[in-house]
Amino acid sequence: MIRTMRTTGRRGDMRWGSRAAAMLLAAGLIMPLAGCVPQGKAVGDTTETADAVAHDGVDRHDLYVGVIGSSKPDNAELNRQLVDAMNQGDLNPVFMASNGDAGGQQKAMADLLARDVKVIVIMADKASGWDEALTEARQAGIPVVLANSAISPDDRTLYAARFNLLVKSRPIGREPVGHTYYIADALADIVDDAPHEKIMNVRLVPQW
């Protein structure tokens, strides 16, 4: 009887040890996923000061940018300039066009989430119907930028920044309020989680 009790105790200890190891392993797998979604902040907009721990950022040539272009004919030239500016900044834009079909831009976003993009830039044709797509991007840990878009979600954690595009084919006139970025620098700051404004003035001109 005593031997049986001792054997059972050892088996119980072994089972508990196995369960504990499994729980720790599961926690280890979950923690990196949870870390992609900062609490109360947008992905790519969590660093508020320059005192963060220094780290190497993503190499520009390895920075794949998902671009959801506008399907409006009047914005065709702006689509082209946006992609050209990214190419000139040594980025890798992945351009998606919706062709104006219902929900086409949201479908394009779902396609980009399945690819290895580091950030998604949206030129939204419509201001509504974006909450689900933006939430999915946030849960995937991919920062979103609204470029010349009327999207205005109540939850500001669904996007990292707004880009006020300064188009090279139009006279800029007075300098805009706030800092002005080249697009490669602006996107690198967002992906690297460096301090940046929520509204960023971005020039679509050659950087190098």
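Which residue in β5 is the bridge partner of Ala-147? I looked it up: Phe-163.

**Ground rules.** I am working from a predicted model, where local features need pLDDT of at least 70, side-chain atom pairs count only at pLDDT 80 or more, and totals for chains, interfaces and linings use all residues. Residues are numbered from 1 along each chain as its sequence is written, and side-chain values use heavy atoms, with hydrogens and water left out.

**Overview.** I noted five helices and seven strands. These are DSSP runs numbered from the N terminus: H or I of at least four residues for helices, E of at least two for strands. From the N terminus on, the order reads α-β-α-β-α-β-α-β-β-β-α-β. Of the 208 residues, 39% count as buried. Buried means under 20% relative accessible area, exposed over 50%, and partly exposed in between, with a 1.4 Å probe and protein chains only. I also checked contacts, meaning heavy atoms within 4.5 Å. Of those with a separation of 6 or more, 67% link residues 24 or more positions apart.

**Strand β4.** I went through residues 144-147 next. Val-144 and Leu-146 lie on one side, Val-145 and Ala-147 on the other, and all are buried. Both faces of β4 are therefore covered.

I then looked at the neighbours of β4. Strand β3 (residues 119-122) runs parallel to β4 and is joined to it by three bridges. Two strands pair if DSSP finds at least two bridges between them. Val-121 has Val-145 as its bridge partner in β4. Between β3 and β4 the chain passes through helix α4 (residues 131-139), in a right-handed β-α-β crossover. Right-handed means that, with the strands pointing away from the viewer, the path from the first strand over the helix to the second runs clockwise. Strand β5 (residues 161-166) is also parallel to β4, again with three bridges.

**Cores.** I looked up the largest nonpolar core and found 29 residues. Such a core is a set of buried Ala, Val, Leu, Ile, Met, Phe, Trp, Tyr and Cys residues joined through side-chain atoms within 4.5 Å. Those with the most contacts inside it are Val-65, Leu-82, Met-86, Phe-163, Ile-183 and Leu-187. Helix α5 gives the largest share, seven residues. I followed Met-86 further. Leaving aside neighbours within four places in sequence, Met-86 touches Val-65, Val-67, Leu-91, Pro-93, Val-121, Ile-183 and Leu-187. A second, separate core has 20 residues, including Ile-68, Met-96, Met-109 and Leu-158.

**Helix α3.** Which residues of α3 (residues 104-113) are buried? I found Gly-104, Gln-105, Ala-108, Met-109 and Leu-112. They cover an arc of only 145° around the axis, so they sit on the same side of α3. The arc is taken from the directions from the helix axis to the C-beta atoms. These buried residues pack against β1, β2 (92-96), β3, α4 and β4.

**Asn-79.** I placed Asn-79 in helix α2 (residues 76-88). Asn-79 is buried, at 9% relative accessible area. Beyond four places in sequence, Asn-79 is in contact with Gly-69, Ser-70, Phe-95 and Met-123.

**Positive phi.** I checked two residues other than glycine. Asn-148 has phi near 45° and sits in the loop between β4 and β5. Asn-148 is partly exposed, at 41%. Asp-193 has phi near 60° and lies in the loop between α5 and β7. Asp-193 is partly exposed, at 22%.
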